[in-house]
Amino acid sequence: MQIQTPDWVKHAVFYQIFPDRFAKSQQPHKRLLNNAKWEDWNATPTLQGYKGGDLWGILEQLDYIQSLGINAIYFTPIFQSACNHRYHTHDYYQVDPILGGNEVFKELLDAAHERNIKIVLDGVFNHASRGIFFFHDILENGPHSPWVDWFKIEGWPLAPYTGDAPANYEGWAGIRSLPVFNHDNPDVREYIMEIAEYWIKFGIDGWRLDVPFEIKTPGFWQEFRQRVKAINPDAYIVGEVWRDSREWLDGTQFDGVMNYLFTGPTIAFTAGDRVNLEQVKGRDYKTHPPLFAADYAEKIEDLLKLYPWEIQLTQLNLLASHDTARLITIAGGDIASVELATLLLLTFPGAPSVYYGDEVGLPGGLDPDCRRGFPSAENWNLEILDLHKQLISLRHQYPALRIGKYKILYAQGELYIFARTLETEELIIAVNVGTETANGNIDCSSLKTQPHQVLFGTGEVEWNGKVVGLTIPARTGCILG
């Protein structure tokens, strides 16, 4: 079977936005709520507080997003919900009125498309909110409800708001506010398929699927793909799966997953023993123990062998998300760790994803602290911002960094060097995570050319036939072309 994935994803740089925290409109007369008790924008986030970010605010920041070189946005959920993160969906057909509703989303979608920026939405299809109409009807009418088979009811009465009695229905991760759909019910299955189709027809460019591995119904994701792709063959379908994902990346289901198998080793290599173990506790990606270059090379080689190349090119690669502490906090505030990891992210096969605020050094611990309000300009780290702009620009400039082959050239001690090659375009990327200058002699006989120009970073290059001698200062990296 020939695997087909959306070509545009291979050339995309994503920006992940948590809508309540990115931008609040500067034209408050447009908002539904003007006198709401918003949580202070710069205060530490709480589990239930809203800060009032909205889609009008994002519209007003499209110039900034475009200036980064971003050409795709992944939104965490935007549908109506009684929750600041909106993973508790009330109505899958309505954009939350606090964010601006369907009309403003359409305006944002059109404005983004005019700038050649794609939009991917978060689909939470394993479970809904206890406030969704169908479940509310069950709460009102018990076993007489026509929707009773839409959820996994185990007994009566239901107890959705108290822990003093059995819930009597399945909630995701045992959470009573998140009743799990009964996907074996054909009506439920059709309901979800029609939601997916509706928003693709509306104009979105793809779906990021929340905990898709929880849905065990045979053929569910195959049908999902068929129906979405029948409307838009270029729609991107990416699953939130943190581990080996071969089960879903066979060409019949997802185009990629959130590539935490890249995240963990990359942080372990670049941050090393700086990793704050409190900030990775209980997470499903391995950011510890520290890795040397040979260890990192082994993990990267294993990862690149795991899936077909067509899938590798449409993986969603990331260093942080709304589900993790931010990298700068994991690394104890060490800027070099952020910069080295970002260099590896922007030169790896697949679509890189930047979590809003990471590009300006926004800190944040585990949820909900990783969901802080986007900082005002005076609090930006301009060094990290400039690094992101440079690397994103280079990625757009050189196709080899997007779709070229990946070949490890050297991995000893704390120095890691690899090449990205596409026909006659060949680039060498070197990363020294050590605290001292590193030297390496690399056999480049497999390369057709001799990259001499330092396109990014600092380093000394000396060619001797097909052997290149590289000198890389401590805690830095470079790109040669």
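**Entry 1: domains.** I looked up how the chain is divided and found domain 1 (7-126 + 183-397) and domain 2 (405-480), the bounds coming from an automatic or database domain assignment. Residues are numbered from 1 along each chain as its sequence is written. I note that this is a predicted model, in which local features need pLDDT of at least 70 and side-chain atom pairs count only at pLDDT 80 or more, while totals for chains, interfaces and linings use all residues, and side-chain values use heavy atoms, with hydrogens and water left out.

Entry 2: The C-alpha centres of domain 1 and domain 2 lie 31 Å apart. The contact (heavy atoms within 4.5 Å) takes 25 residues from domain 1 and 24 residues from domain 2. I then looked up the buried area, which is the accessible area, taken with a 1.4 Å probe, that two parts lose on being put together, summed over both. For domain 1 and domain 2 this comes to about 1,900 Å², with 74% of it on carbon and sulfur atoms. Leu-340, Leu-343 and Thr-347 supply 25% of the area that domain 1 buries against domain 2, more than any other three residues.

Entry 3: Across the interface of domain 1 and domain 2 I found one salt bridge, meaning a side-chain nitrogen of Lys or Arg within 4 Å of a carboxyl oxygen of Asp or Glu. I also noted a salt bridge of Asp-334 with Arg-475, whose closest N and O atoms are 2.8 Å apart. Helix 9 (260-270), helix 10 (293-306), helix 13 (335-346) and helix 14 (382-397) each supply at least two residues of the side of domain 1 that touches domain 2, helices being DSSP runs of H or I with at least four residues, numbered from the N terminus. Helix 10 gives the most to that side, with seven residues.

**Entry 4: the nonpolar cores.** A nonpolar core is a set of buried Ala, Val, Leu, Ile, Met, Phe, Trp, Tyr and Cys residues joined through side-chain atoms within 4.5 Å, where buried means under 20% relative accessible area, exposed over 50% and partly exposed in between (1.4 Å probe, protein chains only). Of the 146 residues in the largest core, Phe-14, Tyr-15, Phe-105, Trp-207 and Tyr-416 touch the most other members. Its largest share, nine residues, comes from helix 7 (residues 186-202), and this core draws at least three residues from each of domain 1 and domain 2. A second, separate core of 17 residues includes Ile-417, Ala-419, Ala-430 and Val-468.

Entry 5: Ile-175 is found in the loop between helix 6 (133-141) and helix 7, and I list Ile-175 as partly exposed because its relative accessibility is 34%.
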